[in-house]
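Here's a quick briefing on one model, with the cut-offs spelled out as we go. Have the sequence and coordinates open while you read.

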Amino acid sequence: MSRPRPSQDQDAGSPRRGRLPLKLIVGVVSAVLLVATAIHILPAVRAGLHDGTRGNWVATTKTCHGSACVWNGEFVAPGGHVLVTSAQYAGPIPKGIQAGTRVPALFTGGSGLVFPVTGSDLWIELVIALLASLLGLYWASHKWVADYLRERRNTPQIPRI
């Protein structure tokens with residue numbers, strides 16, 4: 001025996017069960033993407049403008065997880081002074097790299113990334129990620145925010161004496 005399908009009126013008033021987890025997941029992923037993008041976007045824009053301190057990125061350690069490996073290094077100013085002790089190179093890593101390999105780099109500040117001295121187009125990807133995260137946050141939360149604001153507007157305010 002099959003269950004009767006709820007009428008359109010009943011369906012409209014109650015949230016669908018499958019939507020909440022998806023909206024929650026999209027909201028959390030979008031928030032994480034927004035934070036990660038916000039941290040790196042200004043240094044990437046500066047790198048796109050070739051603005052920053054020129055020097056060398058020196059490879060120090062290689063960390064592998066499965067088949068993916070990441071090199072960490074230091075950013076060294078032209079005078080030999082280490083400006084950043086833990087930095088990742090946000091450009092193509094030369095083949096045959098090993099600890100001690102020097103790569104000309106541009107440090108644009110704050111994010112732990114150094115860029116190729118020729119500049120970087122990473123900012124374009126970050127702007128797209130920023131827009132995607134904002135759209136995801138809007139999609140995941142706009143109904144909740146609208147309901148909250150509607151409820152606040154309809155709640156009588158107690159006048160202060």
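Let's start with Arg-150, which is partly exposed at a relative accessible area of 40% (buried means under 20%, exposed over 50%, partly exposed in between, with a 1.4 Å probe and protein chains only). Bear in mind that this is a predicted model, where local features need pLDDT of at least 70 and side-chain atom pairs count only at pLDDT 80 or more, while totals for chains, interfaces and linings use all residues. Residues are numbered from 1 along each chain as its sequence is written, and side-chain values use heavy atoms, leaving out hydrogens and water.

**Salt bridges**

- The structure has three salt bridges, meaning a side-chain nitrogen of Lys or Arg within 4 Å of a carboxyl oxygen of Asp or Glu.
- Arg-150 bridges to Asp-147, with the closest N and O atoms 2.8 Å apart; both sit in helix H3, three residues apart, or about one turn of the helix. Helices here are DSSP runs of H or I with at least four residues, strands are E runs of at least two, and both are numbered from the N terminus.
- Asp-147 also meets Lys-143 in a salt bridge at 3.4 Å, N to O. Those two are about one helical turn from each other because they are four residues apart in H3.
- Put together, Lys-143, Asp-147 and Arg-150 are linked in a salt-bridge network. Asp-147 is partly exposed at 33% relative accessibility, whereas Lys-143 is exposed at 51%.
- As background, side chains of opposite charge can pair when their charged atoms come close.

**Nonpolar surface patch**

- Helix H3 (residues 122–154) is the biggest contributor, giving six residues to the patch.
- Val-45 comes from helix H2 (residues 19–48) and is partly exposed, with a relative accessible area of 31%.

**Strand pairing**

- Strands E1 (residues 53–65) and E2 (residues 68–76) pair antiparallel over nine bridges; two strands count as paired if DSSP finds at least two bridges between them. Trp-57 has Phe-75 in E2 as its bridge partner.
- The hairpin of E1 and E2 has two residues between the strands, and Gly-66 in the turn has a positive phi of about 70°.
- E1 also pairs with E4, antiparallel, over six bridges, and Arg-54 has Leu-106 in E4 as its bridge partner.
- E4 (residues 102–107) joins E5 through three bridges, again antiparallel, with Ala-105 opposite Pro-116 in E5.
- The E4 and E5 hairpin has five residues between its strands, and Gly-109 takes a positive phi near 105° there.
- E3 (residues 82–89) and E5 (residues 113–116) run parallel, joined by two bridges; Tyr-89 has Val-114 in E5 as its partner.
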